[in-house]
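Here is a friendly note to read with the model open beside you. Take the points in order, and find each residue in the viewer as you go.

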Amino acid sequence: MLEPPSRARAFELDPDLTPLLAARWSVREFDITRAVAAVDVRALVDAARTAPSAHNLQPWRLWITERGTEQFDLIVASLADYNAVWASRAALLIVGVARDVAPDGTPCPWADYDLGQATALLTVEATARGLGVCQMAGRDESALAAIVACAPGERVAIVSAVGYPGDERDLDPAATAIHERGRARRARDDAATVALSTGP
């Protein structure tokens, strides 16, 4: 299982929280000497496939490539500079494509929600296998759409970098600054309104 550094856990969590969730953090320092085995890639895809889906339409697809391929380099080139610097060290890049139109031609407004759940479960499975994941928004939409051959009604919604954590000293200054800020979360009372019965 992925072991987070102390700086990645700068907020209180319930001590009984599932360990995999407590261990998750956004990795930007990747070990360029380690690849992700095919069996692990298959498990990540299967984890995403288990995600809940409205009407079971599963309005998304993943496009996965590994470092050392032309497709990987093209995706890196499509990322914003501050992402490309560290994402280029990842073992895998996963492009999440949302399908805004159902097979019958009707709109599918929950595509992002379903893809988000699939990405979250993929991330939990990656954590269980000692892999780090960091999701990115800064990118060239049109370039990525061409790389992954988006069909009409499809669009790139997210790009995730995946790999084994490496040495923090390999981080570029921008990523180092992000990590040094640590990670905080809103307080429970701010994150959720909880109305529970106080009766017996």
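1. On a 1 Å grid over the protein atoms alone, a cavity is a set of points where a 1.4 Å probe fits but cannot get out, while a pocket is an open set with protein on both sides within 12 Å along at least five of seven lines; a residue counts as lining if it has an atom within 4 Å of a point. Grid points are joined across faces, edges and corners, and a volume is the space filled by probe spheres set on the points.

2. **What you are looking at.** This is a predicted model, in which local features need pLDDT of at least 70 and side-chain atom pairs count only at pLDDT 80 or more, while totals for chains, interfaces and linings use all residues. Residues are numbered from 1 along each chain as its sequence is written, and side-chain values use heavy atoms, with hydrogens and water left out.

3. **The cavity.** The structure holds 1 cavity of 30 Å³ or more, and the largest cavity has about 40 Å³ of space. Its lining is made of Leu62, Ile94, Gly96, Leu115, Thr119, Leu122, Ile158 and Ser160. The elements giving two or more residues to this lining are β2, α5 and β4; helices (H or I, at least four residues) and strands (E, at least two) are DSSP runs, numbered from the N terminus. The largest share, 3 residues, comes from α5. By class, the lining of the largest cavity has 5 nonpolar, 3 polar and no charged residues. Here Ala, Val, Leu, Ile, Met, Phe, Trp, Tyr, Cys and Pro count as nonpolar, Asp, Glu, Lys and Arg as charged, and the others, Gly among them, as polar.

4. **The pocket.** How much space lies in the largest pocket? About 260 Å³. Among the residues lining the largest pocket are Phe11, Leu17, Arg185 and Arg188. This lining has 5 nonpolar, no polar and 5 charged residues.

5. **Helix α5.** Helix α5 covers residues 111–128, and its 18 residues should span 26 Å at 1.5 Å a residue; the end C-alpha atoms are 26 Å apart, which agrees. (The expected span is 1.5 Å times one less than the number of residues.) Several residues of α5 are buried, including Ala111, Leu115, Ala118, Leu122 and Ala126. Buried means under 20% relative accessible area, exposed over 50%, and partly exposed in between, using a 1.4 Å probe and protein chains only. An α-helix has 3.6 residues a turn, so residues three or four places apart point the same way. The buried residues of α5 are covered by elements including α1 (19–23), α2 (38–49), β1 (60–66), β2 (92–99), β3 (132–136) and β4 (154–163).

6. **Strands around β4.** Is β4 mostly covered or mostly open? It is mostly covered, with 9 of its 10 residues buried. Strands β2 and β4 run antiparallel and are joined by 8 bridges; two strands pair if DSSP finds at least two bridges between them. In this pairing, Ile94 stands opposite Ser160 of β4. Strands β3 and β4 also run antiparallel, joined by 5 bridges, and Gly132 has Gly163 in β4 as its bridge partner. Because 4 of the 5 residues of β3 are buried, β3 is largely enclosed by the rest of the structure.

7. Leaving aside residues up to four places away in sequence, Leu131 touches Leu2, Val36, Leu44, Ala126, Val162, Gly163 and Tyr164; contact means heavy atoms within 4.5 Å.

8. **Two loop residues to check.** Most residues other than glycine have a negative phi. Gln58 has a positive phi of about 45° although it is not a glycine. Gln58 sits in the loop between α2 and β1 and counts as partly exposed at 31% relative accessibility. Ala149, also not a glycine, has a positive phi of about 55°. Ala149 lies in the loop between α6 (141–147) and β4, and counts as exposed at 55% relative accessibility.
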